[in-house]
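Subject: Structure handover

Hello,

The structure is below, and my notes on it follow. Please read them alongside the coordinates.

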Amino acid sequence: MTLKLRKTIYISGLIISFLIFVSLNIVIYFLFFSSHDISALLTLTKHPWWFQYKTITQTNTDLYYYTGAIYLFNICIILISLYLFRKYRKTDSAEIFFLIIFFLFMSFGSFKPLNAYIYTLEVPFVIGTLITRIIFFGNISALLSLFFCSLYPVKLKYQKFGIVLTVIMLAAFVLSASIPVDPTVFLANFYYKIGIEHSLWFFIYILYLVILSNFIYAFVQSRNKHYIHAAVAVLLILAGFLIYYFAIDLRYIIPSIFLIITGAYQFTRHIDKIYIPF
C-alpha cells in the first residue's frame with residue numbers, strides 16, 4: 001500500500017470518528033438537556049463480568065456519569081488517533097497502521113447513547129438492535145485489526161493493507177449481522193443482550209491469546225526485547241478494552257482509558273525502535 005492511500009484511509013477514518021463524535025453531542029443534548037423523559041433508563045439489566053444478569057435501579061446522576069464517561073472515552077480515542085496519525089503517517093510499520101485502525105473502529109462504541117435515546121422512544125425495537133449490531137461491528141473490527149497487527153511481527157509478508165482491511169470489515173459485518181440479539185433485554189451498557197454471548201466471548205478470549213502469543217513468538221524468533229514490551233503494551237490495551245465493554249461505572253471506565261492510552265504509547269514506542277533502532 002502506498003503512503004498516499006494509507007493517508008487517505010487514515011483521514012477517512014478520522015472523518016468518520018469525528019462525525020460519530022458530532023452525533024454523540026447531538027444525542028446527549030436531546031437525551032439530557034431537552035426535557036426528555038429518561039425514566040425508562042433508570043431500571044435496566046446489569047451485565048456483570050460472569051454473564052449473570054440482574055435488574056438494577058439507577059439515578060439520573062448515574063446515567064450522567066456513564067454517558068460522560070462514554071463522551072470522555074470518545075474524545076480520547078479521537079486524540080490518540082490524531083496523535084498516531086501525525087507522528088506515524090509516513091511509517092512503513094504495519095503494526096502501527098493496524099493499531100490506528102483499531103482506535104478508529106473503537107469510536108463506534110459512541111453509538112451507545114444513541115441506542116439509549118432510541119430505547120426511550122416508541123419506535124420499533126429493530127432500530128435499537130441494528131445499532132447494537134453496529135456497535136459490535138466496531139468492536140469486532142477493532143479486535144481483528146489488533147489480530148492482523150500481531151501477524152506482521154511473525155513475518156506475514158502480505159502488504160496490501162487495503163485488502164486486509166476489507167477482509168476485516170467483511171468478517172466483522174458477517175459476525176455482527178449473524179449473532180442473535182435479544183430485543184427484550186436492554187442492558188445498562190446501552191445495548192441489547194447478545195444471545196450467544198458466552199460463545200462470542202470464548203472466541204474473543206482465544207483471539208486475545210493468539211494476539212499475545214504472536215508477539216511472544218516474535219521475541220523467541222528474533223530475540224528482540226522490544227517484542228516483549230509490545231506484548232505487554234497490547235495486554236494493557238486488551239485489558240482496557242475488556243473493562244470498558246463491561247463497565248458502567250466511572251471507577252472502572254477511567255482506569256480502562258488509562259490502560260488503553262498507556263498501552264498505545266508503549267506499543268508505538270517499542271515498535272518504532274524495531275524499525276528505527278536508534
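Ser-35 sits in the loop between α1 (3–32) and β1 (43–46); helices (H or I, at least four residues) and strands (E, at least two) are DSSP runs, numbered from the N terminus. Its phi is near 60°, a positive value in a residue other than glycine. Ser-35 is exposed, with a relative accessibility of 78%. Here buried means under 20% relative accessible area, exposed over 50%, and partly exposed in between, with a 1.4 Å probe and protein chains only.

This is a predicted model, in which local features need pLDDT of at least 70 and side-chain atom pairs count only at pLDDT 80 or more, while totals for chains, interfaces and linings use all residues. Residues are numbered from 1 along each chain as its sequence is written, and side-chain values use heavy atoms, with hydrogens and water left out.

Strand β3 (residues 181–186) and strand β4 (residues 192–194) run antiparallel and are joined by three bridges; two strands pair if DSSP finds at least two bridges between them. Asp-182 stands opposite Lys-193 in β4. The hairpin has five residues between the strands. Phe-190 is found in that loop between β3 and β4, and its phi is near 70°, again a positive value in a residue other than glycine. Phe-190 is buried, at 1% relative accessibility.

Gly-195 counts as partly exposed, at 45% relative accessibility. Between Gly-195 and Phe-111 there are 84 residues of sequence separation and 20 Å of space, C-alpha to C-alpha.

Helix α6

Helix α6 (residues 161–178) has 18 residues, which at 1.5 Å a residue should span 26 Å, and its end C-alpha atoms are 26 Å apart, in agreement. The expected span of a helix is 1.5 Å times one less than its number of residues. Which residues of α6 are buried? They are Phe-161, Val-164, Leu-165, Ile-168, Ala-172 and Ser-176. Seen down the axis of α6, these buried residues fall within an arc of 100°, so they line one face of the helix; the arc is that of the directions from the helix axis to the C-beta atoms. An α-helix has 3.6 residues a turn, so residues three or four places apart point the same way. On the other side of α6, the exposed residues are Leu-170, Phe-173, Val-174 and Ser-178.

Ser-176, in helix α6, is buried at 4% relative accessibility. Not counting residues up to four places away in sequence, Ser-176 touches Arg-133, Phe-136, Phe-137 and Ile-140, where contact means heavy atoms within 4.5 Å.

Helix α5

Helix α5 (residues 125–151) has 27 residues and reaches 39 Å from its first C-alpha to its last, close to the 39 Å expected at 1.5 Å a residue. It is mostly covered, with 21 of its 27 residues buried. Ser-145 is found in α5 and is buried, with a relative accessible area of 0%. Beyond four places in sequence, Ser-145 touches Phe-98, Ile-101, Phe-102, Phe-105 and Ile-168. Ser-145 and Ser-23 are 122 residues apart in sequence and 24 Å apart in space, C-alpha to C-alpha.

A histidine pair and the cysteines

His-226 is in helix α8 (residues 225–246) and is buried, with a relative accessible area of 15%. The side chains of His-226 and His-270 are joined by a polar contact of 3.0 Å.

How many disulfides does a search of the whole structure find? It finds zero, a disulfide being a pair of cysteine sulfur atoms within 2.5 Å. Cys-76 is buried, with a relative accessible area of 14%, and Cys-149 is buried, with a relative accessible area of 0%.

Regards

Note on methods. A polar contact is a pair of N or O atoms within 3.5 Å; within protein, one must be able to donate a hydrogen and the other to accept it, and residues adjacent in sequence count only if both atoms are side-chain atoms.
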